[in-house]
Amino acid sequence: MTTSLRLTLQNSLTRRKEVFEPADPARVTMYVCGPTVYNFAHIGNARPAVVFDVLARVLRRLYPHVVYARNITDIEDKIIAAAKEQGVEISAITDKYANIYRDDMGTLGVLPPDIEPKATETVPGMIAMLETLIANGHAYAADGHVLFNVPSYAEYGQLSGRDRDDMIAGARVEVAPYKKDPADFVLWKPSAPEQPGWDSPWGRGRPGWHIECSAMIEKHLGTTIDIHGGGIDLQFPHHENEIAQSNCAHGNAPLARFWLHNGFVNIEKEKMSKSIGNVLLVHDLIKEAPGEAIRLALLNGHYRQPLDWTADGLMQSRRMLDRLYGALRSLADVEAQANDAVPEAFLEALLDDLNTPKALAVLFDLAKQANTATDKAERARLKAALLGSGYLIGLLQADPESWFAGAGLAPHIDAEEIEGLIAARAAARKAKDFKESDRIRDELAGRGILIEDGPQGTTWRVAG
Ligand SMILES: [Zn+2]
């Protein structure tokens with residue numbers, strides 16, 4: 001790698017942009033706080049999933065072995081409340097929404113993480129960590145609870161830079177007689193008989209949210225990881241508490257060397273909130289727009305900046321993809337040159353703290369060149385550059401024809417499957433099995449796919 005091709009990342013912990021060097025280049029570790037699975041993910045939840053998917057892709061390009069873990073929080077009071085309200089088992093809620101989350105993020109082109117730990121599978125590790133924290137004086141048991149004693153950790157507040165008054169206000173402390181200090185936070189709490197719980201030295205109970213991530217990181221990635229990511233809304237108190245728990249349980253070994261935070265998503269210049277009624281669910285958005293356009297709209301801004309989500313912006317992203325896929329379609333007659341094709345300018349932009357707006361500008365420049373290039377070798381190079389660069393940010397991997405046929409508009413349509421059905425129909429016709437070929441045509445029609453037989457073979461498009 002040339003010196004210009006070094007990954008630099010803005011580290012929230014040091015408040016500086018730093019050159020990223022993994023502790024062990026043979027095993028690069030990244031953890032991102034995943035969803036609490038009790039309802040649908042909104043567009044603000046999708047942003048970290050997409051942003052850190054891009055970072056994972058970049059890291060995999062730079063290093064041979066990357067372990068990216070994104071957890072599922074499947075024990076939390078909101079889940080318990082949802083299960084009670086709907087009169088179902090906790091697992092009915094968590095399985096349902098974890099699956100919807102995976103599907104919805106998949107529609108946005110988010111690759112599955114390497115590890116997807118679940119909090120409920122990590123409880124023994126949490127209990128062991130609490131025992132360590134109690135033994136070394138950073139936590140105490142009181143009234144069936146275990147609490148972290150914030151004054152016992154002098155560095156508390158290092159990530160968010162908050163002072164003590166802020167912290168107490170930010171922690172939204174309830175009046176709790178068992179707390180030694182108002183800033184102390186819950187690591188374990190008792191469960192009523194009808195609530196889910198695990199046996200522990202402090203009675204039957206369940207973990208607090210913060211300890212879940214610390215224990216999952218310890219179990220799956222190790223004591224000190226390279227990168228910890230999440231939305232800026234998690235910086236305090238969640239990430240601050242993760243640091244306190246892990247550092248104090250691990251003899252002050254840091255939890256993460258780099259902390260990365262993505263900015264908020266606002267909706268049409270307003271804060272997204274239930275009270276305003278402007279919460280946009282990914283599950284609904286993907287019915288109206290291609291997942292790829294939603295992804296591009298999320299990557300149009302730099303990840304650290306607040307992103308203003310607008311209907312116009314989403315429309316613009318669709319048009320941008322039309323242009324990029326248009327360039328790829330114009331290159332349909334050439335084979336992409338196989339060897340490494342990502343232009344240095346594109347890579348440099350991503351390596352500069354994931355500057356996706358700048359990287360997209362390089363992509364559009366490639367598309368522009370593709371539209372005017374006439375030399376075959378040059379066109380093959382440009383095709384490879386578009387595809388290779390697109391892959392790094394999770395775009396442009398669909399067949400241009402199916403994008404324009406509208407497959408990109410309807411996430412339930414799998415272009416490959418449709419091509420397969422069309423091939424099966426052609427085979428049936430050839431064998432003069434018209435009953436079968438009609439059945440396939442009807443099946444396609446039933447799914448809103450119109451086919452047209454012409455001299456060049458069969459083409460298809462989405463009806464309407
Ligand atoms: Zn977390």
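Pro-237 lies in helix H7, where helices (H or I, at least four residues) and strands (E, at least two) are DSSP runs numbered from the N terminus. A cis peptide bond, with omega of about 0°, joins Phe-236 to Pro-237. The model described here is predicted, so local features need pLDDT of at least 70 and side-chain atom pairs count only at pLDDT 80 or more, while totals for chains, interfaces and linings use all residues. Residues are numbered from 1 along each chain as its sequence is written, and side-chain values use heavy atoms, with hydrogens and water left out.

The zinc ion has as its protein donors Cys-33 (SG), Cys-213 (SG), His-238 (NE2) and Glu-242 (OE), which lie 2.0 to 2.2 Å from it. Donors here are N, O and S atoms within 2.8 Å of the metal (3.2 Å for Na, K and Ca), and sites may look incomplete because water is not among the atoms. Along the sequence, the spacing of the donor residues is C-x179-C-x24-H-x3-E. Distant parts of the chain are linked in this way: Cys-33 belongs to the loop between strand S3 (28-32) and H1, Glu-242 belongs to helix H7 (residues 235-249), and the two are 209 residues apart.

What angles do the four donor atoms subtend around the zinc ion? They span 80 to 128°, which makes the arrangement irregular. Four donors count as tetrahedral if all angles lie between 85 and 135 degrees; four count as square planar and six as octahedral if opposite donors are over 155 degrees apart and all others between 65 and 115; anything else is irregular.

Residues are called buried under 20% relative accessible area, exposed over 50%, and partly exposed in between (1.4 Å probe, protein chains only). Cys-33 is buried at 9%, and Glu-242 is buried at 0%. Ser-246, which is also in helix H7, is buried with a relative accessibility of 0%. Leaving out residues up to four places away in sequence, Ser-246 touches Met-129, Ser-214 and Leu-255; contact means heavy atoms within 4.5 Å.

Next come the cores. In soluble globular proteins, nonpolar side chains tend to be buried together. A nonpolar core is a set of buried Ala, Val, Leu, Ile, Met, Phe, Trp, Tyr and Cys residues joined through side-chain atoms within 4.5 Å. The largest one has 80 residues, and Ile-43, Leu-55, Leu-59, Trp-309 and Leu-386 have the most contacts inside it. H1 gives the most to this core, contributing twelve residues. Apart from it lies another core of 41 residues, among them Tyr-31, Val-123, Met-216 and Ala-256. Leu-59 is in contact with Leu-7, Phe-20, Val-28, Met-30, Val-66 and Ile-227, leaving aside neighbours within four places in sequence.

Helix H1 (residues 43-62) also lies across S11 and S13, running at about 145° to S11. Such angles run from 0 to 180 degrees between N-to-C directions, with axes fitted to C-alpha atoms, for helices over the stretch in contact. The open sheet of three strands has the order S12-S11-S13, with mixed pairing. Strands S12 (270-271) and S13 (307-309) stand at the edges with a single partner strand each, so one side of each has no neighbour in the sheet. Strand S11 (residues 265-267) pairs with S13 in the parallel sense over three bridges, and two strands pair if DSSP finds at least two bridges between them. Val-265 has Leu-307 in S13 as its bridge partner.

In the loop between S11 and S12 is Lys-269, which has a positive phi of about 70° although it is not a glycine. Is Lys-269 buried or exposed? Lys-269 is exposed, at 73% relative accessible area. Met-272, in the loop between S12 and helix H8 (282-288), is buried at 15%. Among the residues that Met-272 touches are His-42, Ile-43 and Val-265.

Elsewhere, four strands form an open sheet in the order S5-S6-S7-S8, with antiparallel pairing. Its neighbouring strands are turned by 20° against each other on average, direction ignored. Helix H4 (residues 123-135) packs on this sheet, touching S5, S6, S7 and S8. Finally, S1 and S2 form a hairpin with four residues between them, and Arg-15 in the turn has a positive phi of about 60°.
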